[in-house]
Amino acid sequence: MLADAILSEAYRFARNRMAVFWTVLFVPILFLVFGTLVALFTKARMAEIASQMPQVDLDVGGPVNLGLSLVKSAADFANPIVLLFVLIGVATLYAGDYRWETWRLTSARNTRANLLLGKVGVVKVVILLALAVWLIGGLAGDVIKAAMLARPVTFSMDGGDAAQFLGFSVLMWLRVIQFTMIGLLAAVVTRSLLAALFVPLVVAIGQFFLMQALPILGLEPGDWLSQLMLPGLAADTLKALIEGGPTGASIPDGVGIKAVVSLVVWTVGPLAASIALFQRQDLSKE
Amino acid sequence: MTPSAYSVIETRNLTKTYGAVRALDGLSLTIPQGGVYGVLGPNGAGKSTLFRILLGLIRPSEGEATVMGGAIGTVSATRRMGSMIETPRFPPFMTARQVLVWLSTAHGLKADDARTSGWLDRVGLTEAADRKVRGFSVGMLQRLGVAAALMTEPELVILDEPTSGMDPPGIQEMRALIRSLAERDGITVILASHQLLEVQRVCDRVAILNRGRLVREGSVSDLTSTGERLRLSVKPVAKVLEILGGKGVAEGSAVLAAIPRTEGPALLRALIEQGVDIDEARWVGADLESVFMTETGTVQMPEDVQQEARHAG
């Protein structure tokens with residue numbers, strides 16, 4: 001039954017080409033184009049400087065390691081621009097049945113819990129796909145940049161790099177899912193597509209300001225309350241631990257557990273609340 | 001197929017309130033299996049509320065209901081039903097064919113192009129099968145809604161105003177489809193429509209709701225025959241009215257006599273004996289519209305006709 005819900009949601013989402021484009025393709029393409037333009041500008045500027053000062057040896061940098069490029073791209077996935085555009089597609093998935101009044105078509109065919117979980121299942125896959133395209137876009141950007149600046153391309157990734165890549169990928173994937181869970185709750189509570197899009201963004205902005213206000217509130221970043229209140233801080237904590245080095249070492253013992261609990265609470269909490277509310281929701285208008 | 005003795009829907013004291021408004025007010029109704037069952041009522045009578053409760057879209061405030069023996073709102077019951085409540089809407093970026101595949105998948109059925117094409121053909125959407133739904137007229141949406149309700153081969157289908165927005169040929173086609181569902185496919189069809197002539201032609205039984213309550217229920221033939229009257233073109237009208245007492249009403253130069261068919265010959269003999277000139281005498285039946293208007297209080301029939309109709313019903 002859950003499989004039916006996932007398959008039907010996936011079938012419908014795949015037909016919504018605009019949503020697929022904005023969610024999965026737009027940001028990698030944007031970054032690729034922007035990165036290429038920056039490389040073009042850099043190349044032109046370097047040529048200009050070289051013609052003016054032929055005696056200066058312009059160091060264009062060493063080889064481009066695509067292995068490290070992958071690690072960096074994975075760590076940067078859950079950035080505000082990716083979040084915004086992923087949320088555009090996800091909002092149509094979560095709030096579409098309210099907008100198009102199609103709950104009445106599907107709610108007779110499966111349990112309400114399965115219908116919501118089916119959407120969440122598809123969102124998880126879509127975000128994974130967005131991550132994959134983001135990584136490919138990052139690689140393509142670095143290859144183009146290297147070609148333009150005449151830098152050699154290499155690929156090396158040791159065990160530590162691979163672990164970091166995996167850790168960042170999973171963490172950033174969960175981080176974006178966590179935001180979409182807030183969108184799901186907003187969609188169910190308000191039945192509005194715009195709310196499903198903007199409420200998670202407002203929560204993200206609110207977290208940013210709250211993080212700055214921690215000292216004023218007399219809270220330390222490693223406190224339970226800080227970590228539970230600010231999933232963004234919890235994600236940063238886990239990111240630092242994955243990164244290791246001096247940054248990771250600066251995280252006090254036990255804070256990592258608090259960060260994991262925060263991530264789980266902020267992911268499972270909105271989902272459980274959404275299902276509980278949806279179970280009893282009057283769908284007569286939808 | 002004629003209605004059988006088994007019931008597909010039973011409601012007991014079903015009530016739904018929205019604040020101070022009672023959309024359903026203690027409705028007790030049994031809908032038999034088989035045939036086409038009409039649910040009639042003016043706007044706000046509670047038809048759509050009843051359907052939404054049966055489909056599990058909303059919960060009743062009080063009372064109970066079962067659908068094919070199962071409790072309402074359970075997927076085991078609703079999966080055996082198909083429905084189209086008011087004008088259906090679909091994701092605008094999908095084609096008609098994709099809508100049916102999507103809903104089949106949601107139902108746990110494998111995509112079957114022959115089945116999909118078959119239903120699109122049956123509702124007259126073959127040519128529009130691969131067009132995006134966003135360009136569909138209301139009538140086309142209705143047709144697609146009917147196909148979506150039927151393609152999972154339900155045992156019971158609820159159609160709320162299925163001909164709304166359709167042109168006359170479309171209405172005829174839909175009427176034929178509804179009858180064939182009951183007669184050829186053995187599906188119990190519950191139909192709500194404001195087009196009473198259509199209901200009279202299609203339905204085997206009807207329930208008339210008003211202000212959330214059941215005011216009449218029975219077979220269409222019973223309901224319409226109970227209002228039967230003898231129309232007499234006579235001179236002088238006043239004398240005939242006097243002979244009939246309270247059982248006659250004037251209608252221009254004619255009199256409508258609310259008497260049983262068995263009393264017709266005796267009345268005619270009596271009128272001739274009293275010297276009344278009779279140009280014409282014929283029985284006129286009450287159509288469903290007049291029964292509906294009477295029961296929902298839209299127009300008043302003579303009190304004795306109403307009483308007789310109630311006793312017979």
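Reader: Which pattern does chain A follow when it is read along the sequence?

Author: This is a predicted model, and in it chain A has 12 helices and two strands. Taken in order along the sequence, these elements give the pattern α-α-β-α-α-α-α-β-α-α-α-α-α-α.

Reader: Among contacts in chain A between residues at least 6 apart in sequence, what percentage join residues at least 24 apart?

Author: The C-alpha atoms of chain A fill a box of roughly 75 × 50 × 35 Å along the principal axes, and buried residues make up 41% of the 286 residues. Among the contacts between residues at least 6 apart in sequence, the share that join residues at least 24 apart is 82%.

Reader: How are α2(A) and α4(A) oriented relative to each other, roughly parallel or roughly antiparallel?

Author: Helix α2 of chain A covers residues 17–52 and helix α4 of chain A covers residues 80–99, and their axes lie 7 Å apart at an angle of about 165 degrees. Angles over 145 degrees count as roughly antiparallel, and therefore α2(A) and α4(A) are to each other roughly antiparallel.

Reader: How many nonpolar residues does the contact of α2(A) with α4(A) have?

Author: The crossing of these two helices, α2(A) and α4(A), is left-handed. Residues that make the contact include Trp22(A) and Phe26(A) from α2(A), and Phe85(A) and Ile88(A) from α4(A). Sorted by class, the contact of α2(A) with α4(A) has no charged residues and three polar ones, while the number of nonpolar residues is 11.

Notes:
Residues numbered from 1 in each chain as written. Chains lettered and ligands numbered in written order. Predicted model: local features only at pLDDT ≥ 70, side-chain atom pairs only at ≥ 80, totals over all residues. Helix = DSSP H or I, 4+ residues; strand = E, 2+ residues; numbered from the N terminus. Buried ≥ 20, exposed ≤ 12 C-beta atoms within 10 Å, placed from the backbone. Contact = placed C-beta atoms within 7 Å. Axes fitted to C-alpha atoms, helices over the stretch in contact; angles between N-to-C directions. Parallel < 35°, antiparallel > 145°, perpendicular 65-115°, else oblique. Left-handed = near helix turned anticlockwise from the far one by under 90°. Nonpolar A, V, L, I, M, F, W, Y, C, P; charged D, E, K, R; others polar.
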